[in-house]
Amino acid sequence: MNIAYTKHVLDNGLQVLVHEDRNCPIVAVNLWYHVGSKNERPHHTGFAHLFEHLMFEGSAHYDRGYFHPLQQAGGVLNGSTNADRTNYWEVVPRHTLELALWMESDRMGYLLPALTEAKFANQRDVVLNERRQNYENRPYGLASMAVLAALYPAAHPYHWSTIGEVADLHAATLDQAHDFFRAYYHPANASLVIAGDVETAEAFDLAQRYFGDIPPGPPVARVSATASIDREVRLLLEDRVEMPRLYLTWHSPAMFAAGDAEMDLLSDLLANGKTSRLYRRLVYERRLATDVSSLQNSRELSGFFQVVATPTPEHTLAELDEEISAEIERLMADGPVESELERSRAQVEANFVYRLQTVGGFGGKSDQLNAYNTFLGDAGYFERDLAQYLEATCEDVRRAGAAHLARGRRVALSVVPQGRTDLAVPGSERTVVS
Amino acid sequence: MSVDRTRLPVSGPAAAPRLPEVRRTRLSNGLAVWTAGHHSVPVVTVVLVVPAGAAQDPADRPGLASLTGDMLDEGSGARSAIDMHDALARIGAQFDTEVGADATLVAITTLSRHLAAGLDLLADVVLRPSLAAGDFERVRRLRLNRLQQLRDLAPFVAERAFARWIYGTHPYGHVPVGDETALAALTLDEVRGFHARMFVPEGATVIAVGDAPHASLVAAVEAAFGGWRAPAGVHGPSDLPEPPADPPAGRLALVHRPAAAQSELRIGQVAAARDTPDYHALLVLNTILGGQFISRINMNLRQTHGYTYGARTAFDFRRRRGPFQFESSVQSSVTADALREALGELEAIRGPRPATADEIETARTALTRGYARNFETAQQVARALSQLALYGLPDDYFQQFVPRVEAVGEAEVLRVARDYLHPDRMGILIVGDRDVVAPGLAPLQAGPLTLLPGGGAAAS
C-alpha cells in the first residue's frame with residue numbers, strides 16, 4: 001500500500017510530483033508553498049493567511065477572480081494556511097488540466113502587477129469577518145488562541161494563531177504583501193503535485209511548460225525555535241458559553257519526529273470514540289463529562305498534545321482535571337494493554353486506506369504527497385509513516401506519554417461562562433483574548 | 001513551446017463521467033438491495049435508507065426520530081454500547097447515523113475484507129438495538145447538555161428559529177435534534193415504538209458499494225438482513241401534509257444575541273419538492289444565484305462589499321416542498337445593508353436583471369463537467385444512490401443528469417425564478433444584537449420586527 005509517484009525538480013527549483021490514478025476522469029493540482037504563520041513576526045500576524053486570500057483575486061494575465069474560469073470548467077478549488085505551509089488546489093475534469101496549471105503558474109510568476117490597494121482592503125474586510133465568524137462569534141472559539149499564547153513565549157512563531165490579531169490585520173499594508181510574495185512565493189519554495197487521470201510524461205511536460213520560465217526567488221531561511229514550560233500554567237477565559245470546558249495542553253513531538261506516531265496512538269486510545277479510556281470512564285461510566293476529545297497536533301517545529309472535556313452540570317472542571325490526570329498517570333505507569341493498542345492499530349491501518357480514496361482536495365493523495373515531500377523531503381513516506389504506527393509497542397507508547405505528559409509541565413485552561421470565574425480550576429489566572 | 005498568456009487555454013471536450021453500474025434486487029421480506037462495484041480502493045460502504053426522519057416526529061415530540069437514531073448503536077443482544085463500538089473499531093469501521101427531515105441513513109464503511117462482519121454489525125444496530133433504560137437515560141441527558149450548548153451557536157439558533165418561522169406547525173417546522181422540553185418528556189417506550197413502526201424492510205433500501213462483485217454484495221446483505229421481519233400490523237412512515245402556502249405572519253424576525261460579533265442571517269420560503277419537474281432548472285438558477293463561490297450573492301456580499309466571509313443560497317429538495325434559503329453571517333454594523341443587497345439579488349434574477357445566456361452557460365458547464373467528481377469514492381456513490389432510493393427517482397437518473405441540465409435555457413431559468421422565488425413574501429431572520437441591528441432595518445420596508453426567543457447566554 002502506497003501512493004506511487006514520480007518526482008522531478010525543475011531548473012528553477014520547483015519540485016514536481018506526478019501520481020497516476022485513472023479511475024475517475026479528474027485531475028488534482030496541488031501546490032504547496034513552504035510558508036505559514038510561523039514565518040510572520042510579532043505585530044505582523046495573520047499575514048500569511050490574508051495573503052492566501054489575495055492569491056484568488058487575479059494575476060497579471062488574468063486580472064479577475066480565480067474562481068470563475070475554474071468553476072465554469074466544472075472544477076473545484078480552495079486553499080488553506082496553517083502555521084507551517086500554505087496550500088492551493090484544484091480538482092478539474094481531465095481535459096481542463098491546462099487551465100488549472102495556467103492559472104497556478106500565472107499567480108506564481110505574475111501576481112504583483114495585479115495586486116492592488118482595493119483588493120487588499122476588500123480581502124482584509126473578508127478576513128476580519130472570517131475571524132468574527134469562526135472565532136469571536138463561535139462558542140469556545142477563542143480558547144485555541146489563549147492556549148497558544150500560554151504555551152509559547154511571545155517571540156516564538158507558534159505564539160499567535162494563523163488568523164492573526166485584529167490590530168495587526170488593520171496595520172498590514174500592500175507594500176508588505178508585495179515583499180511577502182517576493183520572499184516566499186516562488187518556485188524554489190514550492191512543491192507541485194499533479195495527480196489523477198493523466199499520463200506521467202504529459203504531466204511533467206505541462207509542468208515544465210507552465211512553470212519552467214518562472215525565475216527562482218531568494219533562498220528561504222528555515223525558521224527554528226524551541227519552547228518548553230517547566231510548571232503548570234493555570235488560566236481562565238470568560239466566553240459566551242453555557243457550560244465550562246477544560247483544555248489541558250502539553251508540548252509534544254514535532255510532525256514525523258520520534259514519538260509523534262506514539263502520541264497519536266496515545267490520543268486515540270485515550271479519547272477517540274466510545275471505546276477510549278476517557279470516554280468510557282468520564283462519559284459512559286461515571287457521567288462526569290458530556291464530551292471528551294484529544295489530539296496530537298504535530299507541527300513542523302514542535303507539536304502539542306491536548307485533551308478537552310466538558311463537565312456535566314453536576315460536576316466541576318477540577319473533578320474532570322483529577323480524573324483525566326489520574327488516567328494519564330495510569331497510562332504512563334502501566335502503558336496500554338496489547339488488546340487496546342491492537343484496536344488502535346486496526347483503526348489507523350483502515351484510515352490509511354481511506355486516505356487513498358480521493359486524488360485531490362484537503363487530505364487527498366496529492367495533499368499527502370506534498371506533506372511528505374515538503375516536511376520530510378521524502379514523498380514516498382506513506383508506508384514508513386504507517387509502519388511507525390503498526391510497529392509501535394505498548395512500551396513505546398507508554399514511554400512517549402511519560403516523556404511528555406507531566407502534570408507539572410502543561411497549560412490548564414478553564415473556559416467559563418461570563419461572570420462565572422468560580423467555575424475555573426482553582427488557582428487559575430484570568431486571561432483575555434481579543 | 002512557451003505559454004500563450006494572452007488568453008486562458010481552451011479546454012477539450014468533457015470526458016463522460018464514469019457512472020456506477022447499479023443492480024437492483026429485492027429480498028423476500030420486501031427489502032430493496034442495490035449494489036454497485038467500486039474498485040479503486042479495497043473499501044466498501046453500505047448505507048441503509050429508512051424513509052422516516054424528523055418529519056415523522058409526533059407534533060409534541062420533536063426529536064424522537066433523532067433520539068431513536070442515537071439509541072441504535074447503544075448495544076445489541078449481549079453487547080453493550082462499548083462492546084459494539086469495540087467491534088466496529090476492530091474492523092476499522094467508520095459508522096454514522098444521520099437523521100434528516102425525510103429519512104434515517106445508517107452507514108458503515110470498512111475494508112472490503114470485513115464486509116460480512118461490517119454488515120452483521122449494521123444489522124445488529126438497525127434490527128436488534130437493545131434500547132435499554134439505562135442507556136436511554138444517559139443518551140437523553142447527553143442530548144439535553146448538547147442542546148444547552150447549542151443555544152450559543154448562532155448558526156444553529158438561526159436554523160431552528162427559521163424552520164419554525166417558515167413552516168409553522170408543519171412537520172418540517174422543527175430541526176431533527178428537537179428541543180429541551182420535548183426531550184425531557186420523551187420516554188423509552190416512545191423510542192421503542194418509533195423503532196418498531198419505522199424500521200421495517202418494506203420501503204427501506206440497503207445500498208452496498210465497493211470493491212466486491214455484485215453477487216457477493218447481495219449475498220452478504222441477504223445473510224445479514226434476509227431475516228428482517230416487520231411486526232404485525234405495522235405500516236411504516238405516514239404521508240406528510242402539504243407545507244403552508246402562506247408566508248409567515250410577520251416577515252421580519254430577530255433573535256436577540258447581545259454583543260454578537262456578527263449577525264447570522266436567513267431569508268427564505270417554502271419552495272420545491274424533490275420530485276418537481278423543474279429540479280434541473282432550479283439547480284441552474286441556484287448555481288447562478290448563490291450555489292457556488294462565483295454566484296451573484298457571494299460576489300456581491302463578500303467580494304464587492306466585504307460584509308462577510310461567505311454568502312450562499314440553496315434549495316433543500318424534500319419529499320414535500322422543502323425550503324429555499326439564503327444564509328450568511330455578516331459584520332453586525334452592516335446587517336441592514338447585507339439584507340438589502342441579498343433581497344436585491346433575489347428580486348433582480350426574477351426580471352430586472354435576469355440570468356444572462358453567459359451566466360446560464362457557466363452554470364450548466366459547472367454542473368455537467370463537474371458531475372464526474374461525484375462518483376470518485378464508494379461513499380459518494382452510495383450517498384448519491386441513497387437519494388434515488390429515498391425519492392423514487394428513475395433508474396437512469398445519473399445518465400439523464402447531464403442532458404437534462406444542458407437543456408435548461410434562459411426562458412426556463414426566468415420562469416422558475418418567478419415561480420419559486422418571492423422575495424416580497426420571504427421570511428427574514430436575524431440572529432444578532434438587537435440594539436445594533438434594529439435601528440437600521442426600517443429602510444428594508446419589511447414590516448414590524450418580531451422578536452423570537454432563543455439567543456443564548458450573555459456576552460461580555
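**Notes on the two chains**

1. Setting aside neighbours within four places in sequence, A:Leu10 is in contact with A:Val16, A:Pro187, A:Gln208, A:Phe211 and A:Gly212 (contact: C-beta atoms, placed from the backbone, within 7 Å of each other). A:Leu10 sits in the loop between E1 and strand E2 (15-20) of chain A; helices (H or I, at least four residues) and strands (E, at least two) are DSSP runs numbered from the N terminus. A:Leu10 is partly exposed, with 19 other C-beta atoms within 10 Å. Here a residue is buried with 20 or more other C-beta atoms within 10 Å of its own, exposed with 12 or fewer, and partly exposed in between, with C-beta atoms placed from the backbone. The C-alpha atoms of A:Leu10 and A:Ala188 are separated by 9.1 Å, although the two residues are 178 residues apart along the chain.

2. Before going further, a word on conventions. This is a predicted model, in which local features need pLDDT of at least 70 and side-chain atom pairs count only at pLDDT 80 or more, while totals for chains, interfaces and linings use all residues. Residues are numbered from 1 along each chain as its sequence is written, with chains lettered from A and ligands numbered from 1 in the order in which they are written.

3. In chain A, 6 strands make an open sheet with mixed pairing, in the order E1-E2-E6-E3-E5-E4 (two strands pair if DSSP finds at least two bridges between them). Strand E1 (6-9) and strand E4 (76-81) of chain A stand at the edges with a single partner strand each, so one side of each is left without a neighbour in the sheet. From one strand to the next the twist averages 15 degrees; axes are lines fitted to C-alpha atoms, for helices over the stretch in contact, and angles between N-to-C directions run from 0 to 180 degrees. Within this chain, strand E3 (residues 26-33) and strand E6 (residues 190-196) of chain A run antiparallel, joined by 7 bridges. A:Tyr33 has A:Ala190 as its bridge partner in E6(A).

4. Please look at strand E11 (residues 410-417) of chain A, where 7 of the 8 residues are buried. Strand E7 (residues 232-239) of chain A runs parallel to E11(A), with 8 bridges between them, and A:Glu238 has A:Val416 as its bridge partner there. Strand E8 (residues 245-252) of chain A is antiparallel to E11(A), over 5 bridges; A:Thr249 stands opposite A:Val411 in E11(A).

5. How do H9(A) and H10(A) pack? Helix H9 (residues 260-271) of chain A meets H10(A) at an angle of about 25 degrees, and their axes are 3 Å apart. That makes H9(A) roughly parallel to H10(A) (angles under 35 degrees count as roughly parallel, over 145 as roughly antiparallel, 65 to 115 as roughly perpendicular and the rest as oblique). A:Leu269, A:Leu270 and A:Ala271 in H9(A) meet A:Arg277, A:Leu278 and A:Tyr279 in H10(A).

6. Two backbone angles deserve a second look. Most residues other than glycine have a negative phi. A:Arg287 has a positive phi of about 55 degrees and lies in the loop between helix H10 (277-285) and strand E9 (289-297) of chain A. In chain B, phi of B:Ala259 is near 60 degrees, and B:Ala259 is in the loop between strand E9 (252-256) and strand E10 (262-272) of chain B. A:Arg287 is partly exposed, with 16 other C-beta atoms within 10 Å; B:Ala259 is partly exposed too, with 14.

7. Between the chains, 62 residues of chain A are in contact with 64 residues of chain B. H4(A) gives the most to the side of chain A that touches chain B, with 8 residues.

8. Chain B has an open sheet of 6 strands, in the order E11-E12-E10-E13-E9-E14 and with mixed pairing. Strand E11 (308-315) and strand E14 (449-452) of chain B are the edge strands, each pairing on one side only. E9(B) and E14(B) pair in the parallel sense over 4 bridges, and B:Val255 has B:Leu452 as its bridge partner in E14(B).

Technical notes: Contact = placed C-beta atoms within 7 Å.
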